[in-house]
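Please read these notes with the structure open beside you.

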Amino acid sequence: MAEHADPRRRVLSAAIAAAALVLTAGVAVVTGTTASAVPNSTLAATAGCGKTPSLRDGTYTIQSGGRARTYILRLPGSYTSSRSYRLVIGLHWLNGSANDVVGNGFYGLQQRAGDSAIFVAPQGLDAGWANTGGRDVTLVDDILRVVENDLCVDTTQRFALGFSYGAAMSYALACARPTVFRAVAPIAGANLSGCSSTSQPVAYFGIHGIRDSVLNISQGRALRDSFVRANGCTAQNPPEPAQGSGTHITTNYAGCRDGYPVRWAAFDGDHVPLPVDRNAASSWVSGEVWQFFAQFGATTPPSPPTSETPPPGDAACRVTSAVNAWSTGLTVNLTVTNTGGSAINGWNLAFTLPAGQSITNGWNATYSPASGRVTATDAGYNAGLAPGASITVGFQATHNGNNGAPTAYALNGSSCTSA
């Protein structure tokens, strides 16, 4: 791995420190078409919701893979267990540390997040992320288990980012845990921590310098292109700034699956985590990355389980389903049409999932429970359905071989025809 032997490590460390010092509120300049992102909905509260937390800001030791590992936790100052929060995993570079990530404010995102996110900085073994035998993915699994058992997390709003070796690890998490992480943002990364598969979509924002002397930009492009394919985006060669221009160019890919955008930012610079455009006072990275993460919807208070029956209504309806399946997962879009003569103001769509399917996230509705007989409830902004009008909702789910569409649709308690 080139990064281990590079004699410019001292220069790189200085660049990291300098970039961290100038990090303040930046202005994002984005070119290309705005990505289409569909808001996710919290499926269920984590065990920590409603619980008096035992975790506080600090460094914690956890047993993972038979050995002691550590991580640093940072909570919002106004944390309350009655609200679900985003969770951001920040990963350090080679010969860096969790303390370094905390020191630069999780690449500037902590300040951007305000009181909306919980931040975690794990410590890699040998100050890196070799992920041998998947040990570092397992570490993140174990951290999430502990944190979410104690704190209230929106399970559809988990994110990861890192620089260099940390970028490689964030890519490995996207590969290995596509139904766990909503989006990742590798900065100056390469495939150094392994990748189990890129067959399932994850929202992806890659950032790389055109003059990177440690991990060539071609390696960052390769990571990006794997998720261009997985997310169903239209392949292209996005523009990159000229050498000596001192600028960056950010491109949003077209044609991606709803809710799974790919964004690429190339900058005129070397191997640094927080590049600064010429004549700018601060890095643009934190602003653009936070905007990318935050587009997937605001966090909301967790919804308690309910046994209420759907509101009665005279809802004549038709449901058309579209399934896109892969080895162990699928996405389903459901188009619901009001075929009756009266407007509907507030709706619940009930349906039965095939055996073995379990919803992991959804859009344009809230879903409960995750399997069996599921009820999708309007998201508020789409509660009205005029006669002849249609609304499309959807979800992502895992399956164990049965990748069929849902059955037995009912809108506000009235059976629907299906196609």
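The points below go from the basis of the model to a helix and then to ring pairs.

1. This is a predicted model, in which local features need pLDDT of at least 70 and side-chain atom pairs count only at pLDDT 80 or more, while totals for chains, interfaces and linings use all residues. Residues are numbered from 1 along each chain as its sequence is written, and side-chain values use heavy atoms, with hydrogens and water left out.

2. Helix α8 covers residues 285–294 and contains S286. Helices here are DSSP runs of H or I of at least four residues, strands are runs of E of at least two, and both are numbered from the N terminus. In α8, 8 of the 10 residues are buried, so the helix is largely enclosed by the rest of the structure. Buried means under 20% relative accessible area, exposed over 50%, and partly exposed in between (1.4 Å probe, protein chains only).

3. S286 is buried at 1% relative accessible area. Which side chain does the side chain of S286 contact? The partner is R112, in a polar contact of 3.3 Å.

4. The structure holds 15 aromatic pairs. Rings of Phe, Tyr and Trp (its six-membered ring) pair if their centres lie within 6.5 Å; planes under 30 degrees apart count as stacked, over 60 as edge-to-face and the rest as tilted. F292 and F293 form a tilted pair, 6.4 Å centre to centre with 50° between the planes. F292 is buried at 0% relative accessibility, and F293 is buried with a relative accessible area of 0%.

5. F351 and Y409 are also a tilted pair, with centres 6.3 Å apart and planes at 50°. F351 lies in strand β14 and Y409 in strand β20, so the pair ties together parts 58 residues apart in sequence.

Note on methods:
A polar contact is a pair of N or O atoms within 3.5 Å; within protein, one must be able to donate a hydrogen and the other to accept it, and residues adjacent in sequence count only if both atoms are side-chain atoms.
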